[in-house]
Amino acid sequence: MRKVLIIILAAMLPVAAGGQIMRYDREAANFNEALPLGNGHIGAMMYGGVADDLIGLNEATLWGGSGVDNNPQPDGPDLLRQVREALFAEDWEGARKLLVPLQGPNASAFLPMGDLHIRQTFPAAGALRMRRPRPGAEPEPEPVDYGADSYLRTLDLGTAIARTEIVRNGILYTREYFVSYPDRVLVIRLTASRRGALSFSLDGDSPWRGVKVVGVSDNEFTVSGQLGYKMGTDGQYAYIWEGPYGEKGMRYQYRVKAVECDGEVYTAPGLRVSRATSATILVSAATSYAGFDRDPDFHGVDENALAQQWMAKAEGKSFNDLREAHIADYKSIADRLELTLAGAEDPQLDTMATDRRLLRYAEGERDPGLEMMYFRFGRYLLISSSREDGVPANLQGIWCADRFPAWGSDYTTNINLQMNYWPAEPLAMSELTAPLSRFIKDASVNGAQIARNMYNMRGWTVHHNSDIWGAANPVGEKEGDPMWANWSMGGAWLCQHLFEHYRFTLDEDYLRDTAYPLMKGAAEFLLDWLVERDGEFITAPSTSPENAFIDENGHKGVVTIGSAMDLEISWDLLTNCIEASEILGVDERQRGIWKDVRARLHPLQIGAKGNLVEWYKDWEDEDPQHRHVSHLFALYPGRQISPMSTPELAAAARKTLEIRGDGGTGWSKAWKVNFWARLLDGDHSYLMFRELLSKSTLPNLFDSHPPFQIDGNFGGIAGVAEMLLQSQNGELHLLPALPSAWAEGSVRGMQGRGAFTVGMEWKDGRLKGASVLSRAGGTCRVRTAAPVVVTRAGSGRGRAVSARTERDGSWYVTTFRTTAGTEYSLIAN
């Protein structure tokens, strides 16, 4: 394939200002340059090749494995007793060795479904002759000469549509791609500007053994296959193709069909299209996944029938109808919120390739438009990878090209899965958390068996890793390092998301029927897991995920008792259970127990360096700049530490961050964006945001661990939310950590706890005005840097609202009563 000239023609895609359109002037050379599309079910990576356009395919439920082992160590209770004896004797290494047999199977991996290849041929100059129109037909318009060869590949974050435009021999060829949630198909529209100039083949494949490609009609083919019983998570684990009863793993199928094509079409077995002017391709996909607790082979659903069902629904609609429905659905979520930064509209930058803008930004140049693009892209990714009736976004969202993906592309529950959903509530995507809520419920079923079988305890928990089957056991295959494998607090942390959904929505039915029963079950496990020592409650064993310490005797350890993160998560779960039981008016006696245990948790400590102590004692870290900063959970995403309510602990958290430094992996930097925002240091939060974009962002704006992990994208935009609005402390704190680089701008559609929708406008780093829509009524408390006047918007515009303003240090706190469905205006004095 000869190189095309990099010339962007005026005839091509119009410029969209303000970071809406990602653009590239060459085809993607690898996964890190391809553009993601998705609908929460089908994931597609668009490479935009000129002669060979690769489209990587995923289906969100195509995972290895076929279930879980909920009793991997029948001697667990006795082993746990021995571990605790070793820990209380400060035999860290002995405890570590005893924990290894307490491990079970690794979580299963998320896997690719296959690839599509569109191989297009381009007629030589002068090879096409004008056809005579049929009698009665409209005459063909004169062909347009588009001049020199050129190329453009784009992703429009306003419509969730990708596009490739190629000019060859004076003919403009376009390919438009989107994945529709309403119609559950990938749609590809290919056109040529000259009649009959479009000819291509479209073939599909899959990386798995026994794949079958079958032409089922002149214009449709299928790619189908089945995974093995156990697929493993990386190259060191052997595949097991059949289980003890002959069962295998997940079945899968995708179907490819040409519709609305005016050329010649046949299958061989892939599609062959010639002498067309336009063609629409539909791709449907399904697996035999029937639920976390059902074998996908013997008891799986009929993936062929499902794929046929989605195809039949979509093929009856025109391309324009499919496109309009897709855009309307996407915009119904995406357009709820808009962030505008002054200086974002720059015509020169808006036509620059995004990868070059990123390089320019990494060299220190200012580019608010790129920052807005990254923010939009993060919301786009969650809308594309986590929809209401799907499964949660995993380590790579729903985009995975590797047979052995890094860390299994699974659900890592010591921060990564949780980080995926940090932006959902504050950035107006609340319904996208539904898959996470269902997953937590599924995992709690397995987690209850693990708690009973392995520890002889009540309730439920999840450990370090999980998967689509809701695995809850300590992973590691009895050879993993307990510093990560045996961490037991995943269930308690996941429950934070359940209560946060209530705090943002005030949906009491959800709290009563979904969240509270799961929270209460996790608290039951916690009460059994905690150990009373010297009148205080601690966890034993305890780790600070993936980190190691050096004790006062010079001994290295990875397992101890009462690490700060465990105690902070315990405080968080107990606090949320106490508040939930009060709201629902239930479990008064149990609430008293929770309050007593919370009051006697081993307290957080400040170390000799002024830092927040990570371990049971003020020990040194083996790696002082470790990527995990787990002991700051209480600062974010928790609410135990705050500059207003716990200034000494907040100062210790600041010192901890200074010691840890500004480096780390992509997701680690994203976490630090949030930490610094919670410390009300907007400029340092912005510094970490720039670090994230400059050093841990790939050419297609995916986050880099390395390799690609999507959690950093989500954590990064959650940090932007924290800079602009915080509400964890029972009040709407407007512009709490506004960086000086964003001195002028506006935002609308942000969500605050208490069911408030917030808009703001600021200039010269100061709030000009704000709007607060009360969706549920009740009291609203607003914290601002300057006093504000509150009026009723809408029909009562300009009418003052009774409000009380108090000084709190350098802040003003304004309190007023609200009516459900009423919007209020706040004008800064």
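## The second largest pocket

Helix H9 gives the largest share of the lining of the second largest pocket, four residues. Helices here are DSSP runs of H or I with at least four residues, strands are runs of E with at least two, and both are numbered from the N terminus. The pocket has a volume of about 430 Å³. Of its 24 lining residues, the closest to its centre are Thr-61, Tyr-289, Asp-389, Gly-390 and Val-391. H9 spans 434-455. Strand S16 (278-287) and helix H3 (303-315) also give two or more residues each.

The model is predicted: local features need pLDDT of at least 70, side-chain atom pairs count only at pLDDT 80 or more, and totals for chains, interfaces and linings use all residues. Residues are numbered from 1 along each chain as its sequence is written, and side-chain values use heavy atoms, with hydrogens and water left out.

## What counts as a space

The search uses a 1 Å grid over the protein atoms alone. In a cavity, a 1.4 Å probe fits but cannot get out. A pocket is an open set of points with protein on both sides within 12 Å along at least five of seven lines. Lining residues have an atom within 4 Å of a point. Points are joined across faces, edges and corners, and a volume is the space filled by probe spheres set on them.

## The cavities

There are nine cavities of 30 Å³ or more. The largest cavity has a volume of about 220 Å³. It has 20 lining residues, and Tyr-421, Trp-422, Glu-425, His-497 and Glu-500 are the closest to its centre. H11 gives the most to this lining, with six residues.

The second largest cavity holds about 80 Å³ of space. Its lining includes Glu-500, Arg-503, Asp-572 and Arg-753. H11 gives the most here too, with four residues. Helix H13 (564-584) supplies at least two.

## Leu-494 in helix H11

Leu-494 sits in H11, which covers residues 490-505. Its relative accessibility is 0%, so Leu-494 counts as buried (under 20% relative accessible area, with exposed over 50% and partly exposed in between, for a 1.4 Å probe and protein chains only). Beyond its neighbours within four places in sequence, Leu-494 is in contact (heavy atoms within 4.5 Å) with Thr-413, Leu-417, Gln-418, Leu-436, Phe-439 and Ile-440.

## A five-stranded sheet

Five strands form an open sheet with mixed pairing, in the order S25-S26-S30-S34-S33. Strands S25 (725-726) and S33 (804-808) stand at the edges with a single partner strand each, so one side of each has no neighbour in the sheet. Two strands pair if DSSP finds at least two bridges between them. S25 and S26 (residues 732-734) run antiparallel and are joined by two bridges. Gln-726 stands opposite His-733 in S26.
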